[in-house]
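Here are a few notes to read alongside the model. Have a look at it first, then go through the points in order.

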Amino acid sequence: MDNRRLLPIIVISVIALIVLIALSSSIFFTIQANERAVLFKKFSGGLDKENVISPGFHVKAPWNDLITFDVAETKAEETMDVLDKNGLSIKVDVSVRFYPKFDRIGFIYERFRLGYINTLVIPEVRSTVRQVMGRFTAEEIYSTKRPEVEAAIRNETAAVLGNDTNNVEMTALLIRSINLPDKIKQAIENKLQQEQEALAYQFRLDKEKSEAERKRIAAEGEAQANKIVNSSLTPNLLKMRGIEATLKLAESNNAKIVVIGQGDEGLPLILGNN
């Protein structure tokens, strides 16, 4: 092949290479480990929600738009003023951790675009916190029912974020702090202290009552035992026991003077020993 025929091929190849390089960013793409993506196909159906692109190297038509989602777990912190059951203002700091469901990012994008955190997550968290705390008094929120309040907020927020419409998985929700007006806080703390002191006093009373009951039962048992013993000590039994004791003393090595029939009930008397 002569140079005149080869030249057009070279030119076309160079032009094709230049075009390929120019369009490479529109054709070749890489999805990172913390990402998922979907395509918007301009000429064949629009947003392809069902086919989620996983991490790795991929190729697409240059006229299709790539929509990439960061699916790593994210944390959002919110400080808000809420009202308790009685209308008292309470300041609450809340922290929530979440991530978009990997296989549903197309549906999230369709409804909320990439700003789903500000348009979905934070408003729903704030709404749920207000609704739940509005069912309790300040004292319950601050002390007596705080675990119940936290559990209700966590469960209700997870349910609303994770439904088939919103498609966000919540992994944790924590109430970092609850701040009440100083006077209300002091009144609640004083009441709790008084309740603790009353419980301690009642505990001491119950303990003393239990000890008194134990002593009464022990005394009654001892009296009953003495009654049984006394009823069993007949004159004949006492005389037999006396004889047995006398015989044991008489068998010892010490010298004794035994006078028969001189003691009470005719028992022998031991007058002395050497």
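**Notes on the model**

1. Glu-140 is buried, at a relative accessible area of 19% (buried means under 20%, exposed over 50%, partly exposed in between, with a 1.4 Å probe and protein chains only). Glu-140 sits in helix H4, residues 138-144 (helices are DSSP runs of H or I with at least four residues, strands runs of E with at least two, numbered from the N terminus). Leaving aside residues up to four places away in sequence, Glu-140 touches Lys-145 and Arg-146 (contact means heavy atoms within 4.5 Å).

2. A word on the source: this is a predicted model, where local features need pLDDT of at least 70, side-chain atom pairs count only at pLDDT 80 or more, and totals for chains, interfaces and linings use all residues. Residues are numbered from 1 along each chain as its sequence is written, and side-chain values use heavy atoms, without hydrogens and water.

3. Now helix H5, residues 146-161: which of its residues are buried? They are Val-149, Ala-152, Ile-153, Thr-157 and Leu-161. Seen down the axis of H5, these buried residues fall within an arc of 140°, so they line one face of the helix (the arc is that of the directions from the helix axis to the C-beta atoms). In an α-helix, residues three or four places apart point the same way, because there are 3.6 residues a turn.

4. What do the buried residues of H5 pack against? Their partners are helix H3 (116-133), H4 and strand S8 (168-179). On the other side of H5, Pro-147 and Asn-155 are exposed.

5. Finally, Val-59 belongs to strand S4, residues 56-59. Val-59 counts as exposed because its relative accessibility is 55%.
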